[in-house]
Amino acid sequence: MAITDVTLQLKWTHQFQFAGYYMAQQQGFYQDAGLNVTILPADPDNPDTFSKVLAEQAQFGVGHSGILQQRIAGKPLVAMAAILQFSPYCWMVKKNSDIFHPRDFANKRISSISRKENAELLVMLERSGVHTDNLTAYGSDTSSADWLTGTIDAMQVYVTNEPYMMREQGIDHRLICLQKYGINVYSDILYTTENMLAQQPQTVEAFYQASLKGWRYAMMHMDEAIALTQHDYAPQKSFAQLGYEAEVLSDYILPAGTNLGAMSIAKWRLIADLYAIEQSAFNQAQAGFIYHYAEPEEIKMSWMLISAIIISLLSIPLYLRLMLRKSV
């Protein structure tokens, strides 16, 4: 079997968040599919994966729900699977804070936030009537220190990272998370490009199936996945920290009644509404946005040709027999 080299660009540094891909690699699922996969962590200072995949520095990427806005803008990106059914980003406030609801953010000081990476956190506030442009935002480089000293009132966090560190330090806190307030968006979306799909459809399908197989294995063998992540990818993190991450994210990966990686146009339409995307723009962009494997036409034709040849060969003896009877 010929081996195809492909690269997967992650949206952050190595942690359990990407364990399904690690297990697909370690268990040989990629190799069995004829793939030699390089898994690249993100640069924390520039975690955008879309530009790298569009520039063909990687064939596959893991991105956020902003992939829809990229598609609306004409970027030929194809969403393959939503590994997280909800966004894992939250606002973190201290236990004694007077912030209990998104509407309480009015006139508060927050950590600086990118509309490109975490727009849903600002959308949550705006839908509660908060004018986010009027909020005082502080640079993200010192967010944790500023939050601890009280310089800022709320800090954007990844649900498994900063909350765990604060818990370990015994610092009481409260999380204000998106889905509780009706902001229900996909995250950690595995994607590729239309060009890759057109040129190597079988490679895309092989990577898709092997990756989901890796995620299923990771969910069924959590301790093994945690141990591999720590040993081979994130040795700076403790088993306990990765275990906490795995426990929390499992509810995001496989919530009740949801299939692994599931996506629907209906939910993407709701996400478009959150981002104030017009119906006409969404309609224009949705065709081909969600991945669907179609067997290449030339392969279909080859099977049709083979079938025709077999039928023809089987018909020759019958034809000869009929001709011989006529000659007699």
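This is a predicted model: local features need pLDDT of at least 70, side-chain atom pairs count only at pLDDT 80 or more; totals for chains, interfaces and linings use all residues.
**Notebook: helices and sheets**

Buried here means under 20% relative accessible area, with exposed over 50% and partly exposed in between, using a 1.4 Å probe and protein chains only. My helix and strand labels are DSSP runs numbered from the N terminus: helices are H or I with at least four residues, strands are E with at least two.

Residues are numbered from 1 along each chain as its sequence is written, and side-chain values use heavy atoms, leaving out hydrogens and water.

**Entry 1: more on H11**

I looked up the extent of H11 and found residues 239-253, 15 residues in all. From first C-alpha to last, H11 reaches 20 Å, close to the 21 Å expected at 1.5 Å a residue; the expected span is 1.5 Å times one less than the number of residues. Because 11 of the 15 residues are buried, H11 is largely enclosed by the rest of the structure.

**Entry 2: Ser211**

Next I went to H9, which holds Ser211. Ser211 has 1% relative accessibility, so it counts as buried. I set aside residues up to four places away in sequence and found Ser211 touching Gly20, Tyr21, Ala24, Tyr30 and Leu190.

**Entry 3: the three-stranded sheet**

I then traced an open, antiparallel sheet of three strands in the order E8-E5-E9. Its edge strands are E8 and E9 (173-177), each pairing on one side only. The twist averages 40° from one strand to the next. Two strands pair if DSSP finds at least two bridges between them, and E5 (residues 89-94) has four bridges to E8. Across that pairing I saw Trp91 opposite Gln156 in E8.

**Entry 4: the five-stranded sheet**

In what order do the strands of the five-strand open sheet run? I read E2-E1-E3-E10-E4, with mixed pairing. E2 (35-40) and E4 are the edge strands, each pairing on one side only. Ignoring direction, neighbouring strands of this sheet are turned by 25° against each other on average. Inside the sheet, E3 (residues 60-63) and E10 (residues 187-193) run antiparallel and are joined by three bridges. Gly63 stands opposite Ile189 in E10.

**Entry 5: H12 against H13**

Last, I checked how H12 (residues 265-274) packs on H13 (residues 279-286): the angle is about 140° and the axes are 11 Å apart. That makes H12 oblique to H13, since angles under 35 degrees count as roughly parallel, over 145 as roughly antiparallel, 65 to 115 as roughly perpendicular and the rest as oblique. The axes are lines fitted to C-alpha atoms over the stretch in contact, and angles run from 0 to 180 degrees between N-to-C directions. Ile265, Trp268, Arg269 and Ala272 of H12 meet Gln279, Phe282 and Gln286 of H13.

Is Arg269 buried or exposed? At 13% relative accessibility, Arg269 counts as buried. Beyond its neighbours within four places in sequence, I listed Ile277, Glu278, Gln279 and Phe282 as contacts of Arg269.

How values were computed: Contact means heavy atoms within 4.5 Å.
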